[in-house]
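Please consult the sequence and the structure below while reading.

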Amino acid sequence: MKVIFIAGTAGSGKSLLTSKIHEYYTRNGAFTAILNLDPGVISLPYTPDIDIRDSVDIVSIMKQYDLGPNGALMMANDLIASKLDELQDEADKINPDYLIVDTPGQIELFAYRTSGPYFVNNFVADQKAALFLYDGVLVTTAVNFVSMALLATSIRLRMGMPTVNVLTKTDLIADKITEILRWTTNLKTLENAISSEADGETYVLVTNILRSLNMSGFAQGLIPVSNATGEGMINLEGSLSRILNQGEEIED
């Protein structure tokens, strides 16, 4: 069993991309299952094979502990770690080729509290990889792009596993894709774009962050994918295969 964790900011398209990856792998003959790890989600574009909501209920937590929605979400996310053994057993019984894990919508609750990294590190699998989603609508400006790259790097440190960066919602930003991808390979182009958006302290701060991030090749290999149509899935699967399957891709 190989596990793919889908991470990103709220609204970046995690659940929709999860469904597209599942469809792609299944269509090409791989046995794929989905674990929904978001206890607060109301509706999903797929039917999860394993669902944290079966054992962690937000409404019950609010009533039992007299909490508001935010407090209940925090407690629910912490409870994920306590359900690790149960979720592991369910996954082992299904034993898919690929288990796609749709992580909670509030990335800060999953990645920066101890429960998320604990779950990621202790869930047993043959191989693990993560996708971090760059919300295409948010990163059409250079300053936002650098801010997202900083977050992606931070999440990668917290998750502690090989990560593929994905540019989502490409169908909504067709006129900006080429420019955004150029930013990932040409530091000077990105610095010029920053200078046209910001000045003074903001420019100095953003460019210093950028140069530090560039030392680790922060956004190299950013893969554009449409959450809606699935366009770009071949390239995404190829990148995942280099991590999970030592480069052996599934047949299309």
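## Strand E2 and its partners

In this predicted model, strands E2 and E4 pair in the parallel sense over five bridges. Within that pairing, Ile34 is found opposite Ile100 in E4. E2 also pairs with E3, again in the parallel sense, over two bridges; here Leu35 stands opposite Ile50 in E3.

Strand E2 comprises residues 32-36 and is mostly covered, since five of its five residues are buried. In a regular strand the side chains alternate between the two faces of the sheet. Accordingly, Thr32, Ile34 and Asn36 point one way from E2, and Ala33 and Leu35 point the other way. All of these residues are buried.

## The sheet as a whole

How many strands form the open sheet, and in what order? Seven strands take part, in the order E3-E2-E4-E1-E5-E6-E7, and the pairing is parallel. Strand E3 (50-51) and strand E7 (223-224) stand at the edges; each has a single partner strand, so one side of each is left without a neighbour in the sheet. Helix H11 (residues 233-244) packs on the sheet, where it touches strand E1 (2-8), strand E4 (98-102), E5, E6 and E7. The direction of H11 makes about 145° with that of E5.

Strand E5 (residues 127-134) pairs with strand E6 (residues 163-167) in the parallel sense, over five bridges. Ala130 stands opposite Thr163 in E6, and Leu133 stands opposite Val166 in E6. Strand E6 is largely enclosed by the rest of the structure, because four of its five residues are buried.

## The largest cavity

The count comes to one cavity of 30 Å³ or more. About 30 Å³ of space lies in the largest cavity. Which residues line the largest cavity? The lining consists of Ala7, Ala130, Leu131, Phe132, Ala152, Ile155, Arg156, Met159 and Thr163.

Strand E5 and helix H7 (142-159) each supply at least two residues of the lining. Helix H7 gives the most, with four residues. By class, the lining of the largest cavity has seven nonpolar, one polar and one charged residues.

## The second largest pocket

The second largest pocket has a volume of about 170 Å³. It is lined by 15 residues, of which Gly11, Lys14, Ser15, Asp38 and Gly105 are the closest to its centre. The residues of this lining divide into three nonpolar, nine polar and three charged.

## The loop between E2 and E3

Ser43 lies in the loop between E2 and E3. Is Ser43 buried or exposed? Its relative accessibility is 60%, and Ser43 therefore counts as exposed, the cut-off for this class being over 50%. Ser43 and Arg53 are ten residues apart along the chain, and their C-alpha atoms are separated by 11 Å.

Methods:
Residues are numbered from 1 along each chain as its sequence is written. This is a predicted model: local features need pLDDT of at least 70, side-chain atom pairs count only at pLDDT 80 or more; totals for chains, interfaces and linings use all residues. Side-chain values use heavy atoms; hydrogens and water are left out. Two strands pair if DSSP finds at least two bridges between them. Contact means heavy atoms within 4.5 Å. Axes are lines fitted to C-alpha atoms, for helices over the stretch in contact, and angles run from 0 to 180 degrees between N-to-C directions. Buried means under 20% relative accessible area, exposed over 50%, partly exposed in between (1.4 Å probe, protein chains only). On a 1 Å grid over the protein atoms alone, a cavity is a set of points where a 1.4 Å probe fits but cannot get out, and a pocket is an open set with protein on both sides within 12 Å along at least five of seven lines; lining residues have an atom within 4 Å of a point. Grid points are joined across faces, edges and corners, and a volume is the space filled by probe spheres set on the points. Ala, Val, Leu, Ile, Met, Phe, Trp, Tyr, Cys and Pro count as nonpolar, Asp, Glu, Lys and Arg as charged, and the others, Gly among them, as polar.
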